[in-house]
Amino acid sequence: MEAFDIFDTVARLREEGAPFCVATVVRTADVTSAKAGAKAAVTQSGEIIGHLGGACVKRAVKEAAAEALVAETPRMIRVKPSDKVVTLLDPDGVQTFKSGCPSGGTVDVLIEPYQQAQRLVIFGDTPIAQAVAAHATLAGFRVCRGDEGVGQIEARDFVLVASQGQRDSDALRSALETPARRVSMVASRKKATVLCEKLIAAGLEEARVGRLKSPAGLDIGAVDPHEIALSILAEIVQWRRMDQAEAGEGGDEKLA
């Protein structure tokens, strides 16, 4: 039987592509099962692969890992005896969790989320579409073209319609039928309104259509395709940060 190696586990999880967290014990006080340096991987389903200590620590790590995956930001937590927990945060700003374990020890754990970069699915092969794809790749997005990426889109991903006269209605319908929370279109507000009204008349739910942002991008006075692409990508980055901030606001609600 081969010895367990957390780094082999991390490599396997990365290859599989599913989100997970790496939990590392960075400090302990008094009697604890796991010591500083102990690591484990925490899957999206809550499975802990590795040793972090007893049930109280594991319960706190599972909860914190789920929150970290939603917010897509690392977090430090502290698990300590219930009688020593006074507030939601310790004076040093670390989120606290109550422990009922008889050992009475305190454990600080760093939770680091990992998930693949968000997708940006682009409909159209216009100069603007090509420019957005180039800039988005440099910004770390997983860029997919049109229908090839539709089946894999998650709510956290982004969709841009930049067809500009090339089967606009079909492209917009495909985009709006995805589960992506953010959908934008390179078009005038008037043109987008007409297209949306036709799609609603054809049976597409108004709630889906209501997600559309058109014209795509921030108003920076952009003129050429690369300037317009920058305005579109700036808006997408702004959305990404807003979503992360909103997710993070709900992360510290319980003492556990």
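I began with H1, which lies across E1, E2, E3 and E6 and runs at about 25 degrees to E2. For contact I used heavy atoms within 4.5 Å; axes are lines fitted to C-alpha atoms, for helices over the stretch in contact, with angles from 0 to 180 degrees between N-to-C directions. Helices (H or I, at least four residues) and strands (E, at least two) are DSSP runs numbered from the N terminus.

Housekeeping: this is a predicted model, so local features need pLDDT of at least 70 and side-chain atom pairs 80 or more, while totals for chains, interfaces and linings use all residues. Residues count from 1 along each chain as its sequence is written, and side-chain values use heavy atoms, without hydrogens or water.

Next I looked up the sheet: it is open, has mixed pairing, and its six strands are ordered E3-E2-E1-E6-E4-E5. E3 and E5 are the edge strands, each pairing on one side only. I take strands as paired if DSSP finds at least two bridges between them.

Which residues of H1 are buried? I found Ile6, Thr9, Val10 and Leu13 (buried is under 20% relative accessible area, exposed over 50%, partly exposed in between; 1.4 Å probe, protein chains only). They sit on the same side of H1 because their arc around the axis is only 100 degrees, taken from the axis-to-C-beta directions. Phe7, Asp8 and Glu15 are exposed on the face turned away.

Last, I checked Asp243 in helix H7 (residues 225-249). Asp243 counts as buried because its relative accessibility is 15%. Leaving out residues up to four places away in sequence, Asp243 touches Arg181 and Arg182.
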